[in-house]
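Dear colleague,

Please find below the structure that I am passing on to you. My notes on what was found in it follow directly after.

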Amino acid sequence: MDASTTLAHDSHSHNPGTHAHPHQSWLRQYVFSIDHKVVGMQYLVTALVFLLIGFSFMLLMRWQLAYPGQSLNWERFKGNISISVSNGVGSVTSVFTGREFKPQPFPAAAPYDPAKPEPTLLGKLFGKASMPGGVMAPDFYNSLGAMHGTIMVFLAIVPLLTGAFGNYVMPLQVGAPDMCFPKLNMMSYWTYFVGGVVMLSSFFVPGGAAKSGWTSYPPLSVVSDQLPNWPSILSGQSVWILGMVFLITSSLLGSVNIICTITQLRARGLKWMRLPFFVWSQFVTAFLLLLAFPPLESAAIMQLMDRVAGTSFFMPSGLVVGGNIVHVSGGGTPLLWQHLFWFLAHPEVYVLILPGLGIVCEVIANNTRKPIWGYKSLVFATFFLGFVSFLVWAHHMYLTGMGTVVSSFFQATTIIISVPSVIILTALVISLWGGSIRFTVPMLFATAFLPMFGIGGLTGIPLAFSATDLYLHDTYYVIGHFHYVVAPGTIFAIFAGIYFWYPKATGRMMSPFLGKLHFWPTFILMNCIFMPMFLQGMGGMHRRWYDGGQSWELAKNIVHWNEFIGVAAFLLFLAQIPFIINFFGSLKWGAKATDNPWESTTLEWSTPTPPGHGNFLHEPIVDKGPYEYSVPGMTRDYAMQDINDGKTDAGPPPHDMEIPYTVHARPDTGLYNAKLGIWLFLASEVMLFAGVFSAYVFLRLGADVWPRGYLNTWMGLFNTTVLISSSITMLMSWASLKMRNFQSSQRWLLATILLGVLFLGVKAKEYSDKFHHYGAFIKQESYSKYKNVLEAEGARVTYHPETKLYEVTGHLEKSTAEEIVLLPDLKRGVPTEAKEVDIALADVERWGAFYPKYSSFFAIYFTLTGLHVLHLIGGIVVLAYFYFFGSRIYRQNPEHQANRLEVCGLFWHFVDLVWIFLFPVLYLL
Amino acid sequence: MSDHSTPNPESVDRHAPSLTQQEFNDHVRNYLAIFGSLLVLSLVSFAFWYFQIGLGWQIVLTLLVASAQAFLNLRYLMHLKGQGGTIKYFLIMTAVFSAVLMLVSLLAFFNTIPGTHH
């Protein structure tokens with residue numbers, strides 16, 4: 001029987017219109033909305049579109065892998081599909097057609113005439129260079145691979161889990177009227193949206209989208225897409241980095257909001273151990289995003305510096321590309337990127353899993369009609385999982401020549417992290433035992449999730465050990481493992497969540513028939529796609545082969561699976577059509593949903609359907625746990641968390657629909673919302689600077705000589721004094737406002753701003769000095785010509801043993817095509833006047849001003865201080881805003897204005913704190 | 001500053017001071033003391049550089065001084081003193097993870113299979 005009819009019970013009809021946000025334009029209500037539910041729906045629809053785009057990219061890739069070199073146009077489909085192989089490795093037989101693959105030269109496409117109009121839609125869309133004659137070019141294949149991973153992870157799955165479900169469901173489950181910071185929430189969505197648009201736009205810049213994989217490993221990612229006559233900042237890889245910066249920013253805003261909402265806006269009586277498991281999963285996930293993303297942001301900034309400013313954070317000395325030495329200062333290390341990337345990307349795996357587990361937990365509890373088994377174990381396991389996920393990242397790097405000490409550490413932590421994963425999965429499986437299971441569509445997806453996630457998890461164990469990982473690394477085994485976790489794993493959880501909460505969000509039930517028509521083919525085809533990948537991977541098939549392994553002898557017995565997988569992938573695409581019809585069609589034709597159609601217990605089902613602005617018609621008060629199903633002695637098999645038992649029109653109305661604790665502290669946390677928010681933001685800032693400081697340590701340890709004395713220490717000391725002073729004036733401004741002395745507060749605020757500006761002025765002078773200071777690297781064999789005169793003067797000369805170069809620095813007096821004239825810097829304590837030295841350019845390996853690209857030292861100096869300066873400018877702008885416009889808020893609510901100053905002050909002190917480390921690290925050591 | 005000094009909006013005139021004069025004076029005295037301490041510690045770091053005490057010692061001592069400055073900044077200027085557990089737990093966790101990021105990657109830098117790294 002139809003779940004929607006069997007499960008529907010007491011209907012509290014409400015007119016959502018009466019509960020809607022009053023007096024708002026359509027634009028404010030549906031586009032630039034600050035209502036968490038609208039933002040959640042925006043995330044949902046946008047991320048589903050990206051999911052489809054990312055999936056389509058995969059289909060194109062699978063075409064190329066199944067039928068390499070074949071033109072992808074409609075003509076092809078009219079005739080028989082045939083396989084071309086690149087060179088003779090023996091014959092392979094198609095599993096479908098029985099046709100024997102004949103070796104032939106690669107590529108096997110028809111002769112391509114660039115003068116002819118592009119015959120295929122894809123060629124027209126992505127340009128002739130991408131699909132010449134309908135045949136996928138290798139570069140385009142690489143772009144699709146990189147963008148498939150990027151889009152699926154950062155633009156589809158994570159936004160669906162945290163942006164859509166996190167936004168829509170979590171505030172309802174904690175009984176909040178909205179997210180803690182609604183405007184920040186809106187900003188988070190639009191930053192994500194812009195990031196997505198930027199990412200996709202990279203397909204249309206010359207050279208196409210990024211080609212270095214979703215991991216963007218340097219040095220490939222630094223040297224790729226560098227086109228003549230096209231600015232590097234607008235090339236595909238750089239645009240990828242810019243897009244990532246937007247997406248990371250969006251994630252950070254979202255995670256601050258999620259943590260604050262759960263901590264500050266929980267309903268009365270909703271103690272921590274009464275939270276639904278989905279809320280816990282969002283809480284831990286938000287922490288992972290908050291602390292793991294910033295190091296990647298710092299890495300992205302450094303990679304952008306490498307690409308655009310010519311620095312060498314990730315570029316080693318003497319790198320040869322295409323037979324030529326790359327002319328960069330060198331001294332960097334590609335492994336630094338890998339550390340910073342995987343420091344995010346492994347916790348990111350749990351970001352992809354935990355909310356999915358949360359959704360599945362809700363669905364299982366509801367559809368087994370019994371409490372989740374081991375609720376506390378689940379919660380603590382999730383916390384432990386989140387914590388340890390920060391300690392396992394380098395198991396992705398066993399192949400980099402890692403020593404036994406470090407690899408043992410990461411092998412141990414990787415095995416340890418499997419313990420909480422198994423606890424969670426076991427708890428969910430045991431929860432099925434003895435339940436009165438209802439196989440609704442959400443439950444089908446949720447139960448299917450369990451074995452799929454189990455297969456994904458168990459196949460990860462061999463990858464935890466370096467001995468087996470060395471063989472399996474970069475093979476299709478890894479692809480199969482990862483996708484079992486995320487595709488039939490997390491995506492099934494997402495589908496379960498959509499089918500489960502769709503009635504609450506729309507007021508309509510989705511069709512169970514179409515749901516089952518969606519589920520079964522999807523379930524079967526997912527396995528058809530990913531299971532053969534284990535076979536291919538164990539057979540040694542590499543994950544990045546453009547021809548799918550046709551040209552490799554070792555792959556000849558497994559390459560035929562490419563066609564099987566390709567067909568299954570195409571059918572999987574068709575299997576999503578019932579879902580699309582169901583999703584949109586049910587809005588109009590779906591059966592009307594009651595307030596609690598699944599007879600569920602948690603707070604979101606105590607709202608009207610769909611919930612209006614402010615969510616609850618009465619203040620939700622919680623007096624029990626989240627999964628009170630089949631409690632003995634009750635008249636029905638569930639008890640709702642809300643004390644009013646889900647009667648949405650019962651109880652006293654809430655005090656107002658405003659968000660609480662915006663000015664005064666919540667008693668149990670002792671914090672008002674913004675104060676918690678700024679501390680969380682600062683925590684992410686700590687991780688951002690930790691990423692760059694890690695780079696400093698790597699560069700310094702990797703350098704053959706680390707320069708000292710290039711910076712003006714007196715100037716640095718002066719700036720330290722200025723910044724410390726500004727911290728005090730900032731505090732005085734806040735304290736004066738607490739005394740309600742507005743004029744005094746304004747004066748101190750002005751002093752803070754002026755001190756900030758003074759700091760920037762001094763910094764500008766320092767930068768200018770550096771840009772007018774030069775250095776030349778004299779070749780070892782030529783140095784004898786200059787040795788006597790330089791030594792006689794007491795000039796400061798630095799020998800670089802790794803590159804065998806002598807470095808002389810000083811002021812540039814003159815430069816011609818043949819020589820430069822330097823007024824050299826003298827050694828510290830040398831009392832004489834410097835004399836000019838003529839240096840022939842023929843004797844010089846490279847020379848230039850102290851720009852970031854000059855050396856590793858200046859790369860890190862400008863990056864660290866530049867980031868610091870950007871923070872300072874941001875602080876000044878906000879303080880200036882308060883200086884000029886703060887009086888209005890002060891008149892309305894002086895304590896609110898004092899809070900705002902306190903929050904800004906915390907940021908300002910943090911900027912000071914960073915400088916306290918920058919000054920000694922850069923100027924003194 | 002302390003949140004306990006925040007008045008209840010229902011019971012107190014919102015334009016009335018939310019610090020007593022005594023609290024204000026205590027704050028100012030504290031701030032000036034911290035200001036002086038931070039300046040002195042900066043000068044100490046500077047002196048290590050100026051008198052060239054040797055790079056090894058200089059690195060250790062300068063970083064210790066910077067850590068002391070950071071402690072003063074966090075405890076007094078950023079008001080962690082008297083702050084409840086929520087913030088402190090978050091910050092301790094952040095400190096642990098940032099230390100792990102830097103130290104473990106540093107360990108990986110040194111612990112390599114011979115011949116695989118430059």
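Two residues are in contact if their C-beta atoms, placed from the backbone, lie within 7 Å. Please bear in mind that this is a predicted model.

**A residue of chain B that meets chain A**

With neighbours within four places in sequence left aside, Ser105(B) is in contact with His339(A) and Ser694(A). Ser105(B) belongs to helix H3 of chain B, which covers residues 85-110. Is Ser105(B) buried or exposed? A residue is buried if 20 or more other C-beta atoms lie within 10 Å of its own; Ser105(B) has 25 such atoms within 10 Å and is therefore buried. Between the C-alpha atoms of Ser105(B) and Leu43(B), which are 62 residues apart along the chain, the separation is 32 Å.

**The contact between the chains**

How many residues does each chain bring to the contact? Chain A gives 58 residues and chain B gives 53 residues. On the side of chain A that touches chain B, at least two residues come from each of the helices H10 (277-309), H11 (334-368), H13 (404-432), H21 (673-702), H22 (713-738) and H26 (894-924). That side of chain A consists of 39 nonpolar, 14 polar and five charged residues.

**Chain B by itself**

Chain B contains three helices and zero strands, and its elements follow the order α-α-α from the N terminus on. Of the 118 residues in chain B, 27% are buried. Where contacts in chain B link residues at least 6 apart in sequence, 42% of them join residues at least 24 apart.

Two packed helices are described by the angle between their axes and the distance between the axes.

The crossing of H10(A) and H11(A) is left-handed. In the contact of H10(A) with H11(A) there are 24 nonpolar, six polar and two charged residues.

H10(A) also packs with helix H12 of chain A (residues 375-388), at an angle of about 10 degrees and with the axes 10 Å apart. H10(A) is therefore roughly parallel to H12(A). From H10(A), Phe277(A), Trp280(A), Ser281(A), Val284(A), Phe287(A) and Leu288(A) take part; from H12(A), they meet Tyr375(A), Leu378(A), Val379(A), Thr382(A), Phe383(A) and Gly386(A). The contact of H10(A) with H12(A) comprises nine nonpolar, three polar and no charged residues.

The axes of helix H6 (residues 138-173) and helix H7 (residues 182-201) of chain A come within 12 Å and cross at roughly 165 degrees. H6(A) is therefore roughly antiparallel to H7(A), and the crossing of H6(A) and H7(A) is left-handed. The residues of H6(A) in this contact are Thr150(A), Ile151(A), Leu155(A), Pro159(A), Gly163(A) and Asn167(A), which meet Asn185(A), Tyr189(A), Tyr192(A), Gly196(A) and Met199(A) of H7(A). By class, the contact of H6(A) with H7(A) holds six nonpolar, five polar and no charged residues.

**Nonpolar cores**

Which residues touch the most other members of the largest nonpolar core? Among its 281 residues, they are Val360(A), Phe445(A), Phe449(A), Ala496(A) and Leu680(A). Beyond its neighbours within four places in sequence, Ala496(A) is in contact with Ile359(A), Val360(A), Val363(A), Pro442(A), Phe445(A), Ala446(A) and Phe449(A). Another core, of 13 residues, lies apart from the largest one and includes Ile778(A), Ala795(A), Tyr806(A) and Ile820(A).

**Backbone details in chain A**

Pro218(A) and Pro219(A) are joined by a cis peptide bond, with omega about 5 degrees. Pro219(A) sits in the loop between H7 and helix H8 (220-223) of chain A. A cis peptide bond also links Thr609(A) and Pro610(A), with omega about -15 degrees; Pro610(A) is in the loop between helix H20 (577-589) and H21 of chain A.

Ser630(A) also lies in the loop between H20 and H21 of chain A. Phi of Ser630(A) is near 50 degrees, a positive value in a residue other than glycine. Ser630(A) has 17 C-beta neighbours inside 10 Å and so counts as partly exposed.

Asp474(A), in the loop between helix H16 (466-472) and helix H17 (476-506) of chain A, has a phi near 65 degrees, again a positive value in a residue other than glycine. Asp474(A) counts as partly exposed because it has 14 C-beta neighbours inside 10 Å.

Yours sincerely

Definitions and conventions
Residues numbered from 1 in each chain as written. Chains lettered and ligands numbered in written order. Predicted model: local features only at pLDDT ≥ 70, side-chain atom pairs only at ≥ 80, totals over all residues. Helix = DSSP H or I, 4+ residues; strand = E, 2+ residues; numbered from the N terminus. Nonpolar A, V, L, I, M, F, W, Y, C, P; charged D, E, K, R; others polar. Axes fitted to C-alpha atoms, helices over the stretch in contact; angles between N-to-C directions. Parallel < 35°, antiparallel > 145°, perpendicular 65-115°, else oblique. Left-handed = near helix turned anticlockwise from the far one by under 90°. Core = buried A, V, L, I, M, F, W, Y, C linked by C-beta atoms within 7 Å. Buried ≥ 20, exposed ≤ 12 C-beta atoms within 10 Å, placed from the backbone.
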